Amino acid sequence: MNVSVNHLSFSYPDGTRALHKLTCQLTKNKVAILGSNGSGKSTLLQHLNGLYIPQSGTVEINGTRITKKNCMDIRKKVGLVFDHPDHQIFAPTVFDDIAFGPRNKGESEKDVARLVYEMMDWLNISHLQNKPPYHLSLGQKKKVAIAGVLAMEPEIILFDEPFSGLDPYSLDDFIEILNRLANLGQMVIITTHDVDLAYSWAEECLILQRGKALLQGDVHILENEKVMAEAKLRLPSLFSLFKETKYRPTNIQQAKTLLEQIVRKEPLMK
Ligand SMILES: Nc1ncnc2c1ncn2[C@@H]1O[C@H](COP(=O)(O)OP(=O)(O)OP(=O)(O)O)[C@@H](O)[C@H]1O
């Protein structure tokens, strides 16, 4: 998978400039886009699935440039899960909501049912199939929204702030869902303010500031103090903790193993 953005600029009708000559190349399966409020993350995502067409510059998905003509086809290949599930859940039951996309694609009712049951099973929401979506909790609504997008069988899936408003257990569930998708070969792109989560999860990061790409690369770009300060993001906690050492664990498990090794070599004084 390959997402290539070149000199992308976009202003909203009221004149607000949201993206300014943004250039980036994304190729890994787990991508995190970070930036402070208003830096352009959601606007960029909406360009990646053809909801917005570039006013200037280009967006290419696997070598195909997004245009007004092909944007509907692109939306089938690139699914977008909005930050607020209420923005994309509207059918009378969970089943119908998930079925909406495949039905729209012209799939037979038999295939629609197969896809919907498969997605509900995958996300562990089969017991909710006859419920009205507006009766569900936030985490359940988010799962229905994801199931609806996955039922379209996209090649790339974009999540705008997937973790906002989730309790710690639901958050672990969602990380597991994203990992499963990425392991199946799907490109998963998330936007987040959570630097620690990006540091431990992503294979590729993109930092935005005022509609521009400040820096992109692997998670170690999040250790760049100058860039992080400019982007108004705080440094990853693990980096701050291990900064004065030669070690760079990016997740708790790595940090735990390291500390155990260090303590074994040099037992702490009682
Ligand atoms: N519909 C709109 N009309 C006018 N301006 C908009 C609209 N949507 C977003 N903007 C503006 O575009 C800029 C980028 O917004 P965007 O939502 O892409 O940022 P973001 O990085 O996703 O922010 P957040 O982290 O707060 O979700 C902001 O200045 C915002 O106020």
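This is a predicted model: local features need pLDDT of at least 70, side-chain atom pairs count only at pLDDT 80 or more; totals for chains, interfaces and linings use all residues.
**View 1. The largest nonpolar core holds 75 residues.** A nonpolar core here is a set of buried Ala, Val, Leu, Ile, Met, Phe, Trp, Tyr and Cys residues joined through C-beta atoms within 7 Å. A residue counts as buried if 20 or more other C-beta atoms lie within 10 Å of its own, as exposed if 12 or fewer do, and as partly exposed in between, with C-beta atoms placed from the backbone. Inside this core, the residues with the most contacts are I98, A147, L158 and A198. Helix α5 (residues 138-150) contributes the most to the core, with six residues. In soluble globular proteins, nonpolar side chains tend to be buried together.

Residues are numbered from 1 along each chain as its sequence is written. Helices (H or I, at least four residues) and strands (E, at least two) are DSSP runs, numbered from the N terminus.

View 2. Two residues are in contact if their C-beta atoms, placed from the backbone, lie within 7 Å. Just after α3, look for G106, which takes a positive phi of about 90°.

**View 3. Strand β8 is mostly covered.** All six of the six residues in β8 (residues 187-192) are buried. On one side these are M187, I189 and T191, and on the other V188, I190 and T192, so both faces are covered. Two strands pair if DSSP finds at least two bridges between them. Strand β3 (residues 30-34) runs parallel to β8 and is joined to it by five bridges, with I33 opposite T191. Strand β7 (residues 156-160) also runs parallel to β8, again with five bridges, and I157 stands opposite V188. From β7 the chain crosses through helix α6 (residues 168-183) to β8, making a right-handed β-α-β crossover (with the strands pointing away from the viewer, the path from the first strand over the helix to the second runs clockwise).

**View 4. Four strands form an open sheet in the order β2-β1-β4-β5.** The pairing in this sheet is antiparallel. At the edges stand β2 (17-26) and β5 (64-65), each with a single partner strand, so one side of each has no neighbour in the sheet. Two bridges join β5 to the antiparallel strand β4 (residues 56-61), and E60 of that pair stands opposite R65 in β5.

View 5. The residues around the ligand are Y12, D14, T16, A18, G35, N37, G38, S39, G40, K41, S42 and T43, where near means that the C-beta atom, placed from the backbone, lies within 6 Å of the molecule. Helix α1 (residues 41-48) gives the most to this shell, with three residues. By type, the shell divides into two nonpolar, eight polar and two charged residues; Ala, Val, Leu, Ile, Met, Phe, Trp, Tyr, Cys and Pro count as nonpolar, Asp, Glu, Lys and Arg as charged, and the others, Gly among them, as polar.

**View 6. I207 sits in strand β9 (residues 204-209).** I207 counts as buried because 27 C-beta neighbours lie inside 10 Å. Leaving aside neighbours within four places in sequence, I207 is in contact with L34, G35, L214, L215, I221, V227 and A231.

View 7. T93 lies in the loop between β6 (78-81) and α3, and is partly exposed, with 15 other C-beta atoms within 10 Å. E153, in the loop between α5 and β7, has a positive phi of about 50° although it is not a glycine. K232 lies in the loop between α8 (225-230) and α9 (237-242) and counts as exposed because it has 12 C-beta neighbours inside 10 Å.
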